[in-house]
Every structure is written in structure tokens, then in C-alpha cells.
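Welcome! Please take a look at the sequence and the structure below, and then read on for a short tour.

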Amino acid sequence: MTVLLDETFPRTIDELTRDLADDEVRGARVEAWLFEGAAARRAAEERLATAAVNARVRSAYKPLVHFFLEDVDTRELRRATIAYPVREPAPEGRFLVEAYPLAALLSEVETRFVPGGPAPVYRVELEYRNGTATHEVFVPNDVRIDHLGERRLSPTGWLRIAGSRGGVRDTDRRLETEYEKIFRRAVEAIQSHPWRAQEPQFEQLVIRAEIPPGERRLPVGEECISTAEAMHEDLYFSVLEVFKHRAGRTVDDRKTRPGQIIPDVRYTDGVPRARVAVEPFAAAEPAQPAPVALDAADRAPSLAQVHAELAAIGGRPFSAVSRQGRTVPGVYRAGTRPAIVVTAGQHANETSGVVGALRAARRLADAPGAHFALIPVENPDGYTLHRQLCAVHPRHMHHAARYTAFGDDLQSRTEEPWNEKAARLEAFRLSGATLHINLHGYPAHEWSRPLTGYLPRGFDAFAIPKGFYLIVRHHASWAARAESFRTQLTERLARIPDLVALNRAQLAGYGAHAGAPPFPLYHDLPVQTVEDDRAATPLTLITEFPDETIYGDLFALAQTVQMQTVLAAEEIHAALDRAR
Ligand SMILES: [Zn+2]
């Protein structure tokens with residue numbers, strides 16, 4: 001094991017309360033913005049009040065949403081007009097996204113968002129049943145040069161003091177909090193390490209961050225404000241970008257293979273800490289949870305259950321081996337209908353497709369003539385990591401579990417060694433399929449990277465959920481067929497109870513904060529249609545259910561939608577083949 005960093009950081013809120021409980025600050029007006037939950041901020045205000053310091057401690061993360069949660073009595077509110085800052089070098093809509101999910105939180109209020117000026121404030125006009133009020137909500141940000149050398153406007157801590165004795169302590173300045181220091185030091189330690197040029201550079205790179213509590217569930221869908229999740233996301237993608245940059249690749253590259261990057265972010269009431277270490281893979285397989293009844297599954301099944309379910313389907317087994325030595329299991333069943341390949345778990349933190357694929361295969365196995373190959377979990381190493389990360393934060397999106405233990409997206413591999421992808425290639429070879437149904441998911445709640453510009457770089461369109469949607473890829477010669485396929489499929493899927501309601505609710509939130517859906521709607525389902533002659537099959541259907549990470553009735557709906565999509569697509573594909 002090599003330790004790259006092991007450092008503790010004073011908790012900024014503690015430093016501040018000690019430092020400000022001072023005669024010179026007595027009677028002054030103090031405002032601070034920190035990456036802290038409400039409980040710690042209120043406690044700090046009380047401690048300072050006992051020293052006769054009039055302080056207000058606010059959240060540096062999503063300050064406008066916190067303003068409405070903590071400062072506004074919305075019961076008497078009728079109308080809200082919010083002018084959001086438009087400030088270089090951030091893209092125009094950045095602060096509107098950061099205001100999410102306010103439109104839904106204020107569902108009883110007539111809310112209007114308009115672009116404002118470059119000042120770092122939201123100008124808020126509130127109209128109550130009897131009277132009006134105007135507020136300027138400060139949104140502390142500063143421009144920092146990130147690990148790629150890009151200028152990013154990012155949230156930061158801030159301190160304002162006015163009216164101190166003789167003005168000696170008056171200030172209005174950036175305050176780099178422990179939250180920002182932990183991120184900066186971890187990325188610097190990794191960036192400056194003398195990595196060898198040859199990939200993979202490590203088995204696991206574990207970044208343990210212990211930060212102050214900052215989790216708050218919101219009464220809107222699956223929304224949750226979480227500084228731990230935001231730190232996980234920013235550490236994971238930033239570190240992956242560091243290795244892409246070293247390899248001379250672009251940020252949207254998916255072939256970089258540094259190894260498995262694992263941000264392990266925990267809340268602590270103790271001393272904040274960052275520890276970065278290169279570690280070997282775990283020797284033992286983690287304990288497997290009890291099986292779930294597949295038809296009513298409200299969560300992802302264990303890998304052991306996936307193997308058992310696949311064996312029960314019958315047919316000709318095939319497999320590949322992952323980087324960590326796990327089996328990527330598949331099954332092939334010959335039939336007289338047009339062949340399809342069904343895959344799930346390519347991105348292993350997207351779990352609803354795993355259940356949907358297995359349930360669909362059970363039904364297809366009973367359907368006369370059905371001809372298919374199935375790989376329910378293409379990325380078992382990521383799937384195992386997802387379960388481990390969920391043991392600490394069950395509902396986070398956990399993108400560290402997205403790619404393989406090499407660090408790459410298995411779909412992007414174009415040469416040996418194939419490892420996980422060998423199973424998919426075998427499925428195409430055995431079946432000769434003309435349709436590949438590739439089941440995916442994406443975050444079920446807001447995805448942010450507050451330490452590097454707020455919006456998730458390269459994934460801006462996924463920052464806010466926009467319902468269940470589809471991607472149809474087709475060879476140029478299949479354009480007309482793809483159009484019929486898309487029309488019939490969306491018409492069938494729109495009949496699933498609760499699906500259209502979910503899509504309408506999420507598209508409304510997306511519309512208020514991110515604009516029009518990026519793809520045209522067919523029966524309330526967004527569909528992106530892409531001509532792509534390089535695809536292995538003339539027709540590819542990719543599903544995207546906002547399933548990172550969900551449980552209960554919503555998971556049951558998600559996996560049922562995934563199953564119904566496979567079954568409907570198989571039937572429509574066969575009918576279109578007959579009509580040819
Ligand atoms: Zn995916």
C-alpha cells in the first residue's frame with residue numbers, strides 16, 4: 001500500500017466560532033457561508049450569540065434553495081420572481097440549475113425565473129397574501145483554475161463582518177473551507193504523484209474523505225441535498241480527468257484505464273480528514289444479501305442471485321472474466337424469431353435494467369420461437385462496488401461504480417484484452433442479432449460537481465432527471481425501420497401505469513431549471529435518434545431510467561418498465577421483420 005496523503009483539517013465552523021467570539025466583534029453583524037448542515041450552523045449561531053456576536057451562518061452549497069427552506073415562510077406566499085446571476089466563466093443557465101428543485105418545492109406558488117446580471121446574487125421578489133418583500137441572496141463563488149487548467153466558477157465559503165469595533169475586523173472575502181481544502185489536497189496529491197506511464201497504474205485508488213454532516217432529503221421526488229454525494233462525484237470524475245489528461249486524451253474519452261478509483265466519503269462530527277492510498281483489490285468476496293422475489297423486486301439482487309436466475313432460464317451458457325476475476329455470465333437460446341441481444345449493468349450503478357433483463361428473459365424463454373442472448377450484469381466488479389458504497393449511502397448515485405475495475409467503459413474497448421466485453425461479442429456472434437437492447441439508467445436526483453464549476457462536466461444534460469427516455473441508434477439503411485420501431489414502442493410504453501406521470505413530473509422540473517428536453521417527445525417519452533453505421537447491430541435500443549439509486553415502489557416501476565421495454569421491442573422488431 002502506498003499512502004499519497006493523510007491529513008487532518010480544522011473544521012472551519014469551529015475555527016470561526018472560536019475566532020469571532022472576541023471583544024472586537026461584539027455587536028458586529030457577521031455572515032458566513034459554509035459547507036455545513038443546518039444543525040451545525042444553528043449551533044454556531046447560538047454559541048456566537050452567547051458572546052454577543054450577531055451571526056448568521058448559511059449554506060455555501062445551493063444557497064438559494066436553503067434561503068427558501070430556512071428563511072421564507074412559504075405558507076402565505078403567492079408569487080416569487082427570481083432573477084438568477086449570469087456570470088462568466090459559467091454557462092448562462094448554471095445558477096438556474098443550482099436553484100433546482102425550487103420550482104417543485106414552491107409548487108403552490110407562482111414562480112418565475114429570469115436571467116439577471118453578473119452580480120453574485122439572486123434577486124428575489126416575494127408577494128405574500130398581504131405585502132411584498134425583496135431579497136438579495138448572495139451566492140458565494142470564485143474562479144479557480146482546475147486540474148485541467150480550465151477556469152471554473154465554483155461555490156466557496158465566504159465571510160462578511162460589518163460593524164466591528166473601529167472596523168478592525170470588518171471583512172468581505174472568500175474563506176476556503178475544510179470541504180474545499182480536502183478536495184484540493186486530494187486532487188493535488190494524485191496529480192503530483194509520479195505515476196508510471198503504462199496503464200493500469202493501480203488496482204484501487206481509495207480516497208477517504210471525512211467531512212462535516214451535510215445531508216438533507218427534500219420533499220420532491222428523490223431529491224436530496226448531500227455534500228458527501230457531491231464530494232464523491234467531484235472526486236471521482238476529477239481524478240479520472242487527471243488520468244485522461246496525463247494520457248493526452250479528451251475529457252469525454254472512455255478508454256482511459258488507470259484502475260479502480262474509489263472515493264469513500266463519510267460524515268464525521270470529529271476532525272475532518274483526507275487520506276489517499278493505492279491499495280490492492282480485496283481478497284475476499286463481500287457477503288451476499290438474501291435473494292429478492294424478482295417480479296416484485298424493490299432493489300437490486302445480489303450477484304449470486306443473478307447467477308442462479310440465469311441458470312434457471314436455461315439455454316447455452318457463455319461467459320467472460322472481469323478484471324477482478326469475476327464471471328460475466330450470459331445465456332443464449334436459439335429460436336425462430338429475429339434474434340435480439342439484451343444487456344444490462346454495463347454501467348453497474350444502473351441496476352433496474354438487471355432485474356428487467358432477467359424478468360424479460362424468463363418470459364421470452366416461455367414464448368414460442370423467441371431467439372435471444374442475455375447478459376444481465378456486464379460489469380460485475382462495478383456491481384460489487386455499488387453494493388459496498390450503498391451500504392454507507394444507500395441512495396447516492398455512486399458513479400465510482402459506473403465503469404469497470406480498469407476504470408474504462410467496457411463498451412469503448414476496441415481491442416484485446418476484451419475481458420468483460422468478450423461476453424457481449426460472444427452474444428452477437430452466437431445470435432447474429434439485428435437488435436441490441438442495452439438497458440441503462442442515470443441519476444434519479446440532481447447531479448452536481450460543486451468544486452469544479454457545479455455542472456457535471458461532459459454530462460450537463462444529465463444534471464437534472466428528465467424521466468424515462470430512449471436512445472435509438474440505427475444504421476443509415478435502417479432509418480425508416482427505426483422510425484416505425486420508435487413510434488410503435490413509445491405508444492406501447494406510454495400505457496404503463498405511472499410511467500407517464502413520472503415523466504411529466506420530472507420533465508416539468510427539468511423544464512423550469514434546464515429548459516426544453518434535449519430530445520423530441522413521443523407519447524411523453526423523450527427519444528434521441530442517432531444514425532450510427534459503426535454499431536454492431538443495425539438497430540440498437542438504449543433505455544435510460546432515472547434509477548441511481550432508488551428502492552421500493554419506484555424501483556419496482558423502474559425494473560418493470562425495463563422488462564416491458566424488452567418485451568415490446570422484441571415483438572415490434574419481429575413484426576417489422578415479417579412486414580419487410
Ligand atoms: Zn449507463
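## E350 and the zinc site

E350 is buried, with a relative accessible area of 2%; buried means under 20% relative accessible area, exposed over 50%, and partly exposed in between, using a 1.4 Å probe and protein chains only. This is a predicted model, in which local features need pLDDT of at least 70 and side-chain atom pairs count only at pLDDT 80 or more, while totals for chains, interfaces and linings use all residues. Residues are numbered from 1 along each chain as its sequence is written, and side-chain values use heavy atoms, with hydrogens and water left out.

Which protein atoms hold the zinc ion as donors? They are H347 (ND1), E350 (OE), E350 (OE) and H440 (ND1), at 2.1 to 2.4 Å from the ion. Donors here are N, O and S atoms within 2.8 Å of the metal (3.2 Å for Na, K and Ca), and sites may look incomplete because water is not among the atoms. Along the sequence, the donor residues follow the spacing H-x2-E-x89-H. H347 is buried too, at 4% relative accessibility.

The four donor atoms make angles of 56 to 143 degrees, and the site is irregular. Four donors count as tetrahedral if all angles lie between 85 and 135 degrees; four count as square planar and six as octahedral if opposite donors are over 155 degrees apart and all others between 65 and 115; anything else is irregular.

## Salt bridges

E350 also forms a salt bridge with R402, with the closest N and O atoms 3.3 Å apart. R402 is buried, with a relative accessible area of 7%. A salt bridge is a side-chain nitrogen of Lys or Arg within 4 Å of a carboxyl oxygen of Asp or Glu. Helices (H or I, at least four residues) and strands (E, at least two) are DSSP runs, numbered from the N terminus.

How many salt bridges does the structure hold? There are 68. In one of them, R174 meets D142, the closest N and O atoms being 3.3 Å apart. R174 is in strand 11 (residues 171–175) and D142 in strand 8 (residues 141–145), so this pair ties together parts 32 residues apart in sequence. R174 is partly exposed at 29% relative accessibility, whereas D142 is buried at 15%. Elsewhere, a network of salt bridges links D6, R208, E210, D264, R266, R273, R275 and E279.

## A hairpin

Strand 6 and strand 7 pair in the antiparallel sense over eight bridges, and a hairpin joins them through two residues. Two strands pair if DSSP finds at least two bridges between them. V124 has H135 in strand 7 as its bridge partner.

The side chains of E136 and R123 meet in a salt bridge (1.9 Å, N to O). E136 is exposed, with a relative accessible area of 52%, and R123 is partly exposed, at 40%.

## Nonpolar cores

The largest nonpolar core has 81 residues, and those with the most contacts inside it include V124, Y122 and I190. Helix 7 (residues 227–246) gives the most to this core, with 10 residues. A second, separate core of 59 residues includes A361, Y383, A444 and L539. Such a core is a set of buried Ala, Val, Leu, Ile, Met, Phe, Trp, Tyr and Cys residues joined through side-chain atoms within 4.5 Å.
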